[in-house]
Amino acid sequence: MNALRRLIGSHTYRYLTLLLLALTCSVAQAHESSTAYLNLNLSDSESTAESKYDAEYELSLRDLALLIDIDPNKDSQVSWAEVKSQTSLIEQLIQSKIKLESSAQACQITKFAPLAINTRGGFNYLYSNFALSCAQPIDNLDYQILAGIDANHRLILTQANDDTALQVLAVGQSPLGAQANTGWMSTATNFLKSGIHHLLIGWDHLLFLFVLLIPAVYVRKQKQLIAVTKPKAALLEVFWIATSFTLAHSITLSLAALQIVSIPPRFIESLIALSIAFAALNNVVPLLRVRAVYLAFVFGLIHGFGFANVLVDLPLATSARVLALLSFNVGIEMGQLVFIALVFPIALLLRHTQFYKWIIFYIGSLISILVALWWFFERAF
């Protein structure tokens with residue numbers, strides 16, 4: 001190890017070791033997209049002096065549990081009775097964390113309808129319906145649900161009586177109505193950003209790419225790992241892996257997002273975890289003597305269904321859904337390229353070292369197997 005430190009430099013050695021440890025800690029929990037939904041419907045008002053809205057807000061019970069204790073008996077099974085018992089706290093949460101404004105004046109929630117439970121993408125969501133009274137049409141939203149808790153949380157906003165495009169909003173202040181970006185360009189931009197975001201916070205997808213990329217700088221000869229002599233060979237291998245993965249997940253992402261094929265999310269998420277475990281195991285013990293490009297395609301078909309969960313339940317017309325799908329897919333590819341640009345140069349630089357062979361390749365693959373199996377049991381059972 002001392003020789004290795006001298007070879008790659010003491011600071012670089014420590015940096016890479018910390019990077020591997022950080023990756024291990026970060027992937028202890030697989031990413032499940034944290035998305036809430038808000039629909040605003042301008043209702044008929046007898047008074048011209050104010051605007052009245054009917055609002056529908058949906059938040060996953062998993063996210064709600066981070067804010068309110070909805071499992072007081074700690075049995076890990078949230079019942080409807082337990083959720084209903086917290087009605088007062090839930091209403092207070094909505095009033096304090098979702099602030100809609102018109103001309104810098106806060107809208108007032110005038111009435112809450114009884115709470116309900118809805119299902120989206122195989123997950124249970126709290127459904128809340130409430131009436132709003134505003135001095136003028138709504139032009140701003142201050143959304144603070146999960147602020148300081150989950151930076152990856154997103155809100156899908158639709159306005160039934162407005163031509164404003166569906167908006168994908170982060171926590172914080174967001175202009176609405178005439179101040180918001182509208183039209184097809186807004187839809188494309190929103191879902192392009194959402195695709196990049198989804199890939200870069202999707203630890204399961206990133207871990208899958210990781211276990212496919214790390215052997216790209218090796219060739220197997222007589223059961224031995226030999227570092228490639230020319231970077232061009234490794235670069236071509238990475239190119240074909242990325243292309244294969246892109247083609248595969250684009251097929252199933254399209255089928256699912258356009259609602260042609262539907263597969264239960266829990267089943268898909270479990271298969272994604274198994275795909276990571278198998279690909280990592282194949283690094284350590286070659287079970288299938290095939291190039292990683294073929295694994296990338298076969299398992300990429302599964303990952304495409306996982307990507308589609310973001311788009312399946314969105315209230316979009318066919319033309320808008322196609323545009324959102326294309327933009328989201330391009331965003332995924334951009335996020336994928338960012339990840340490859342970070343990982344591959346390190347692999348190329350260190351491919352001749354024992355550190356890369358034993359720490360990154362072998363130990364990294366073994367850790368990936370353990371993490372993926374944990375995800376599998378967590379998702380399947």
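User: Before we start on this predicted model, what makes a residue count as buried?

Analyst: Buried means under 20% relative accessible area, and exposed means over 50%. In this predicted model, 49% of the 381 residues of the chain count as buried.

User: What makes the phi of L146 worth a look?

Analyst: Most residues other than glycine have a negative phi. L146 isn't a glycine, yet its phi is positive, near 65 degrees.

User: Q259 also has a positive phi, I see. Is Q259 buried or exposed, and how do you know?

Analyst: Q259 comes out at 52% relative accessible area. Exposed starts over 50%, so Q259 is exposed. Its phi is about 60 degrees, and Q259 isn't a glycine either. Q259 sits in the loop between α8 (231–257) and α9.

User: On to helix α9 itself. Why are α9 and α12 called roughly antiparallel?

Analyst: The axes of α9 (residues 265–284) and α12 (residues 354–380) cross at roughly 160 degrees. Angles over 145 count as roughly antiparallel, so α9 and α12 get that label. Their axes come within 8 Å, and the crossing is left-handed.

User: Which classes of residue make up the contact of α9 with α12?

Analyst: By class, there are 17 nonpolar residues in that contact, plus four polar and four charged ones.

Notes. Residues are numbered from 1 along each chain as its sequence is written. This is a predicted model: local features need pLDDT of at least 70, side-chain atom pairs count only at pLDDT 80 or more; totals for chains, interfaces and linings use all residues. Side-chain values use heavy atoms; hydrogens and water are left out. Buried means under 20% relative accessible area, exposed over 50%, partly exposed in between (1.4 Å probe, protein chains only). Axes are lines fitted to C-alpha atoms, for helices over the stretch in contact, and angles run from 0 to 180 degrees between N-to-C directions. Helices (H or I, at least four residues) and strands (E, at least two) are DSSP runs, numbered from the N terminus. Angles under 35 degrees count as roughly parallel, over 145 as roughly antiparallel, 65 to 115 as roughly perpendicular and the rest as oblique. A crossing is left-handed if the near helix is turned anticlockwise from the far one by less than a right angle, and right-handed if clockwise. Ala, Val, Leu, Ile, Met, Phe, Trp, Tyr, Cys and Pro count as nonpolar, Asp, Glu, Lys and Arg as charged, and the others, Gly among them, as polar.
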